[in-house]
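Try each task yourself before you read its solution.

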Amino acid sequence: MSERPGLLIELAKNVASTFDPIREWIERRSARRAVEAQDNSRPFTLWQELSDRTGGRLSVQGREVLEVGPGRSLGLSLIFLAAGARRVYAVDRFRHLFWDRLDRRHTVAVLERLDAEGWPFAGAARHAVRDIDSENVSFDPDLLIYRQADGAALPLADASVDLTYSNAVLEHVHHPDAVVRELARVTRRGGDSVHEIDFRDHFVERDRLRFLEFPEWEWQLRARLRPGYTNRLRVGDFQRLFREVGFELLSGMITQHFEMKDVEAMRPRWASRFRDRSAEELSTAAYWGWWRRQ
Ligand SMILES: C[S@@+](CC[C@H](N)C(=O)[O-])C[C@H]1O[C@@H](n2cnc3c(N)ncnc32)[C@H](O)[C@@H]1O
């Protein structure tokens with residue numbers, strides 16, 4: 001029988017996480033936030049991955065871009081501007097930015113690197129951020145609009161952007177069908193939607209497939225309200241959701257694998273909705289996809 005300790009602890013974490021002030025208090029003091037804020041290179045790595053994976057065929061110049069779930073850094077949103085995006089919307093459900101010294105230093109470092117490397121529109125990125133010397137940081141709404149909102153109810157008009165982008169976000173949303181529908185609603189016809197999705201267990205690092213054991217009701221009890229919640233959809237589920245709302249897959253790749261022998265060893269223990277999936281789907285630990293709105 002599988003060992004399932006800690007349901008009460010998980011439930012307690014769930015309850016504590018429902019209170020925004022508690023969640024934000026924890027986030028503000030998180031050691032991981034401090035580490036990530038000091039890593040100024042990560043947004044540039046994400047940009048490089050985007051360029052490499054799209055083979056340089058995805059231009060942002062003159063386009064309006066939505067980044068869903070930027071998390072602890074607006075660095076990539078600023079890079080989109082420095083690469084020529086006309087305007088960037090950044091929408092995250094939770095508060096991760098406090099504009100304390102950590103956030104300000106991170107943002108300044110990104111802007112300085114854009115200048116130093118001579119990015120064609122580095123000036124736009126710089127102008128997008130106002131009052132970076134104080135905790136009252138704000139943004140020029142003609143260039144950058146940052147909102148705290150759920151991806152399932154995006155605060156954007158229909159057909160208002162040309163590119164929607166996320167990294168490690170779609171696995172976290174509570175209503176993936178609604179979020180993908182919203183991506184279709186706000187993306188202009190012919191526009192692009194690019195997402196990397198991480199299919200690993202986010203709570204148990206030593207066994208990244210463990211969470212597929214739980215029946216749905218138990219998983220929801222354990223994880224639903226915690227910030228690191230994952231919806232456990234597999235890659236085929238996302239492919240279907242994108243297809244159903246009118247996105248065509250242009251290009252996709254598995255970016256991380258589980259070992260096939262681990263998949264097969266664990267398969268009998270999984271909840272029924274996962275047990276019968278193909279080995280290829282179950283061994284997909286992370287997937288990157290580029291869809292086009294028809
Ligand atoms: C793992 S973090 C990824 C952050 C960033 N994209 C990165 O790669 O570092 C997931 C992000 O998704 C956000 N998020 C989770 N659910 C969301 C939702 N329903 N709508 C918008 N953002 C959401 C979280 O607040 C968090 O910032």
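The exercises below cover helix packing, the ligand shell and a few individual residues.

Residues are numbered from 1 along each chain as its sequence is written. The model is predicted, so local features need pLDDT of at least 70 and side-chain atom pairs count only at pLDDT 80 or more, while totals for chains, interfaces and linings use all residues.

**Exercise 1. Find how helix α4 and helix α5 are oriented to each other, and name the residues that make the contact.**

Solution. Helices (H or I, at least four residues) and strands (E, at least two) are DSSP runs, numbered from the N terminus.
- Step 1: locate α4 at residues 42-53 and α5 at residues 75-82.
- Step 2: take their axes, which come within 8 Å and cross at roughly 55 degrees. Axes are lines fitted to C-alpha atoms, for helices over the stretch in contact, and angles run from 0 to 180 degrees between N-to-C directions.
- Step 3: classify the angle. Under 35 degrees counts as roughly parallel, over 145 as roughly antiparallel, 65 to 115 as roughly perpendicular and the rest as oblique. The pair α4 and α5 is therefore oblique.
- Step 4: list the contact, where two residues qualify if their C-beta atoms, placed from the backbone, lie within 7 Å. From α4 come Pro-43, Phe-44, Leu-46 and Trp-47, and from α5 come Gly-75, Leu-76 and Ile-79.
- Step 5: sort these residues by class, which gives six nonpolar, one polar and no charged. Here Ala, Val, Leu, Ile, Met, Phe, Trp, Tyr, Cys and Pro count as nonpolar, Asp, Glu, Lys and Arg as charged, and the others, Gly among them, as polar.

**Exercise 2. Work out which residues of helix α8 are buried and what they pack against.**

Solution. 
- Step 1: apply the cut-offs. A residue is buried if 20 or more other C-beta atoms, placed from the backbone, lie within 10 Å of its own, exposed if 12 or fewer, and partly exposed in between.
- Step 2: within α8 (residues 176-186), the buried residues are Pro-176, Val-179, Val-180, Glu-182, Leu-183, Ala-184 and Val-186.
- Step 3: their packing partners include the strands β1 (64-68) and β6 (161-167) and the helix α10 (235-244).

**Exercise 3. Describe the shell around the ligand.**

Solution. 
- Step 1: there are 17 residues around the ligand, each with its C-beta atom, placed from the backbone, within 6 Å of it.
- Step 2: Gly-69, Gly-71, Arg-93, Phe-94 and Gly-151 come nearest.
- Step 3: the shell divides into eight nonpolar, six polar and three charged residues.

**Exercise 4. Where do Trp-99 and Ala-168 lie, and are they buried or partly exposed?**

Solution. 
- Step 1: Trp-99 sits in the loop between β2 (87-92) and α6 (101-116), and its phi is near 55 degrees, a positive value in a residue other than glycine.
- Step 2: Trp-99 has 15 C-beta neighbours inside 10 Å, so it counts as partly exposed.
- Step 3: Ala-168 belongs to the loop between β6 and α8, with a positive phi near 60 degrees.
- Step 4: Ala-168 is also partly exposed, with 15 other C-beta atoms within 10 Å.
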